[in-house]
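Here is a colleague's note on one protein model. Please read the points with the structure open beside you.

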Amino acid sequence: MSDILGRTLEWDDEIEKDDAFQLLEPGDYKFIITNFERSRYEGGQKIPACNKAVLTMKIYDDHGNETMVACGFLLHSSMEWKISEIHRAVGLKKHGEKLRMKWKEMVGLGGRCKVSVREYTKQNGDIAKTNQVDKFYDPKPGEAFTNMGQEVKPQSAKDLF
């Protein structure tokens, strides 16, 4: 059984997938966090250099299709609201409660988020589009948050939680 991060391929394995990226229409979707990486933000006009958490998520549409989206969280006091938002979305924090950040524990957890489409210019000058997460929603009462580390292949997004 494969885990949430996939599996290694053997030299002579059959392959099928052409692209893990599918541009989603703007809207609300369910997600599961598949990876956490420590990174560094080099600083800018509004926020100085600081640590950065990068979460990779599988986002599922209502037909069971999935796409991968990476979302960065700057570890700076001005961005504490966003860090709280993701911790609440996956059920690790409640409003108003103090919490030591739990980045590693988020892998395998999920929730709901608002996705938009962002346009950007590639290094070669071409215009491209990508999905970005604009908001993480608090869970509804009784909503589950984990897939228990198992690969999720839902028939529809309703089967996720």
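1. Start with terms. Two strands pair if DSSP finds at least two bridges between them. Strands (E, at least two residues) and helices (H or I, at least four) are DSSP runs, numbered from the N terminus.

2. A word on the source. The model is predicted, so local features need pLDDT of at least 70, side-chain atom pairs count only at pLDDT 80 or more, and totals for chains, interfaces and linings use all residues. Residues are numbered from 1 along each chain as its sequence is written, and side-chain values use heavy atoms, with hydrogens and water left out.

3. Look at strand β1 (residues 27-41). It runs antiparallel to β4 (residues 110-121), and six bridges join the two. One place to check is F31, whose bridge partner in β4 is G111. β1 also runs antiparallel to β2 (residues 50-60), with eleven bridges. Here Y41 stands opposite C50 of β2.

4. Now follow β2 onward. Nine bridges join β2 to β3, again in antiparallel fashion. M57 has V69 in β3 as its bridge partner. Five residues lie between the strands of this hairpin, in which G64 takes a positive phi near 85°.

5. Is helix α1 enclosed or open? Eight of the ten residues of α1 (residues 80-89) are buried, so the helix is largely enclosed by the rest of the structure. Buried means under 20% relative accessible area, exposed over 50%, and partly exposed in between (1.4 Å probe, protein chains only). The buried residues are K82, I83, S84, E85, I86, H87, R88 and A89. They pack against β1, β2, β3, β4 and β5, where contact means heavy atoms within 4.5 Å. Just after α1, G91 takes a positive phi of about 85°.

6. Next, the second largest pocket. Its volume is about 360 Å³. Of its 17 lining residues, K52, A70, C71, G72 and K82 are the closest to its centre. The elements that give two or more residues to the lining are β3 (66-74) and β5 (127-137). β3 gives the most, with seven residues.

7. How is a pocket found? On a 1 Å grid over the protein atoms alone, a pocket is an open set of points where a 1.4 Å probe fits, with protein on both sides within 12 Å along at least five of seven lines; lining residues have an atom within 4 Å of a point. The volume is the space filled by probe spheres set on the points.
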